[in-house]
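Biologist: I would like to learn how to read helix packing and charge pairs in a model. Please take one feature at a time.

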Amino acid sequence: MRKEVFIPDEELDLSVNLGGIMMKNPVAVASGTFGYGSEYEGFIDIADIGAVIVKGTTLEPRCGNLPPRIFETPAGMLNAIGLENPGVEVFLQEYLPCLRDLGVTVIANIAGNTMEEYARMAAMLEGSQGIAGVEMNISCPNVKEGGLQFGVDPDMVYQVVKAVKEETSIPVMPKLSPNVSDIVAIAQAAEAGGADVLSMINTLMGMAVDVERRKPVLGNIFGGLSGPAIKPVALRMIYQVYKAVKLPILGGGGIMNYIDALEFIMVGASAVSIGTGNFVNPCLARDLVQDLKRYFIEHNIKSIDELRGAAAQ
């Protein structure tokens, strides 16, 4: 395992104000890839991460999809977990207090079937100490609109973000789906709805086939493709959105090392999130922070502001 190199924090400032979410460094871990943080405590000090975006939470408990639910692909993986979780009340009562006691910057991730569910969860989170931000998984079907995903229609994005913002003073960060024809229109709708930050991108839809069984591999047939395979798509979309909206961006999609992270920052991201990379290297978040420190020192860079959007001028 890689040996950690100590670099004094006083030598540079890696802190980020991500739309009101205060992070000690620009490295977050993506929802669904880091559990509730405790799963990684044997590898790293999770309080050293800029932010932990916890497992996706719904209003009521969910069992998730039928297995198989994960499949490795060239340069990535497919997942169809189906938002298995114990529900928002259990998260608030059992998981949040532990993270709060550890001094972790916590971003809750919420998903709902209706705008009313999103709004209700936002109201429940509002009164809970220790939540720095709310990430909205809007790649969920709106059951009142025939199952159409919130995140693929600008009007629905505007409405659901607005509904959440009306219920909470916590910074709100919709996670944008790449499975759209015009990502800029979606981002602008989120901005108009009152979003404080944009998280992008979510997974691309894909599938795999078992040629011996002659059937889809995943029990859900389709799954979300993540990992290095989607990085070029993520970079392109963040570049486009950075030039079109004024909101800060949490960028992710296939980040495996500090060079990947720097690419995201240079196309406009204010901070980055690690997803699939956590499964490959459970110490990746720590390593990324150390490598970014080293890069900043070697290049005499004082803050991320000097790099953000450098490749999008």
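**Helix packing and salt bridges**

Modeller: The axes of helix 1 (residues 88-102) and helix 2 (residues 115-126) come within 10 Å and cross at roughly 15°. Helix 1 is therefore roughly parallel to helix 2, a label for angles under 35 degrees. Helices here are DSSP runs (H or I, at least four residues), and strands are E runs of at least two, numbered from the N terminus. This is a predicted model, in which local features need pLDDT of at least 70 and side-chain atom pairs count only at pLDDT 80 or more, while totals for chains, interfaces and linings use all residues. Residues are numbered from 1 along each chain as its sequence is written, and side-chain values use heavy atoms, with hydrogens and water left out.

Biologist: How many salt bridges does the count come to?

Modeller: Side chains of opposite charge can pair when their charged atoms come close. The rule asks for a side-chain nitrogen of Lys or Arg within 4 Å of a carboxyl oxygen of Asp or Glu. The count comes to 9 salt bridges. One of them joins Asp260 to Lys231, at 2.7 Å from N to O. Asp260 lies in helix 6 (residues 258-266) and Lys231 in helix 5 (residues 231-242), 29 residues apart.

Methods. Axes fitted to C-alpha atoms, helices over the stretch in contact; angles between N-to-C directions. Parallel < 35°, antiparallel > 145°, perpendicular 65-115°, else oblique.
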